[in-house]
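Colleague: I am new to this structure. Please pick a single part, look at it closely, and then show me how it sits in the rest.

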Amino acid sequence: MPQEHRSIYEAIGDEKLQILVDAFYKRVASHPELTPIFPADLTETKRKQKQFLTQFFGGPPLYIQEHGHPMLRARHMPFPITPTRRDAWLSCMREAVFEVGIEQPYERIILERLTMTANNMMNTPEDEKGESM
Ligand code: HEM
């Protein structure tokens, strides 16, 4: 297909998307800001994120087929997402994207879209993490 008609999903390919998801959660699993809110076993989280990113990047609607409308902000409400946690999530993702190696302009577009979505996921001011002092 001519390059300008490819989706991001087609441009990076399914295999690389899986490698990206694995590289991302490897970092999440050891990030001190993120471990308190993520499950210890990230197998199911990874599976859902791979489904979500497949459709988010223009591939088949795998997430919606199994889980219904993403309603991402609502699904994140149980977790206190502060600006610091947003930054932590994005830094894990940025490092994973760089590790995997994605050609331009896709690398830039992916990071822009994920940054916008991450901004929309914040639901808690910095000083209300719900943790004891
Ligand atoms: C801004 C920082 C973010 C934090 C701290 C965060 C945190 C979390 C947590 C704790 C879960 C639950 C994991 C589980 O119980 O399995 C989750 C699920 C999920 N997150 Fe995020 N997230 C963030 C941003 C994003 C963004 C930007 C996206 C999409 C691009 C995203 C997509 C998802 C998806 C698809 C799920 C699975 C939802 C489901 O249960 O079906 N998250 N996230």
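Modeller: A11 lies in helix 1. Helices (H or I, at least four residues) and strands (E, at least two) are DSSP runs, numbered from the N terminus. The model is predicted, so local features need pLDDT of at least 70 and side-chain atom pairs count only at pLDDT 80 or more, while totals for chains, interfaces and linings use all residues. Residues are numbered from 1 along each chain as its sequence is written, and side-chain values use heavy atoms, with hydrogens and water left out.

A11 counts as buried because its relative accessibility is 16%. The cut-offs are these: buried is under 20% relative accessible area, exposed is over 50%, and partly exposed is in between (1.4 Å probe, protein chains only). What does A11 touch? Leaving out residues up to four places away in sequence, it touches R6, E103 and Y106. A contact here means heavy atoms within 4.5 Å. Take E103. It is 92 residues from A11 in sequence, but their C-alpha atoms are 8.7 Å apart in space.

Now to P105. This residue lies in the loop between helix 6 and helix 7 (106-121). The peptide bond from Q104 to P105 is cis, with omega near 5°. Most residues other than glycine have a negative phi, and most peptide bonds are trans. M71 also deserves a look, with its positive phi of about 40° although it is not a glycine. M71 sits in the loop between helix 4 (62-67) and helix 5 (72-76). It counts as partly exposed because its relative accessibility is 46%.

Back to helix 1 (8-12). The buried residues of helix 2 pack against it, and also against helix 3 (43-56) and helix 6 (83-100). Which residues of helix 2 are buried? They are L17, L20, V21, A23, F24, Y25, R27 and V28. Helix 2 (residues 14-28) has 15 residues, so at 1.5 Å a residue it should span 21 Å; its end C-alpha atoms are 21 Å apart, which agrees. That expected span is 1.5 Å times one less than the number of residues.

V21 touches K46, K50 and L53, not counting residues up to four places away in sequence. V21 and L53 are 32 residues apart in sequence, and 8.8 Å apart from C-alpha to C-alpha. Q49 is found in helix 3. At 14% relative accessibility, Q49 counts as buried. With its neighbours within four places in sequence set aside, Q49 is in contact with Y25 and W89.

Now step back to the whole protein chain. It holds 7 helices and 0 strands. Of its 133 residues, 36% are buried. Among contacts with a separation of 6 or more, 72% join residues 24 or more positions apart.

What about the overall dimensions? The C-alpha trace spans about 55 × 30 × 25 Å along its principal axes. A compact globule of 133 residues would have a radius of gyration near 14 Å; the protein chain has 15 Å, which agrees. That radius is taken over C-alpha atoms, and the globule rule is 2.2 Å times the number of residues to the power 0.38.
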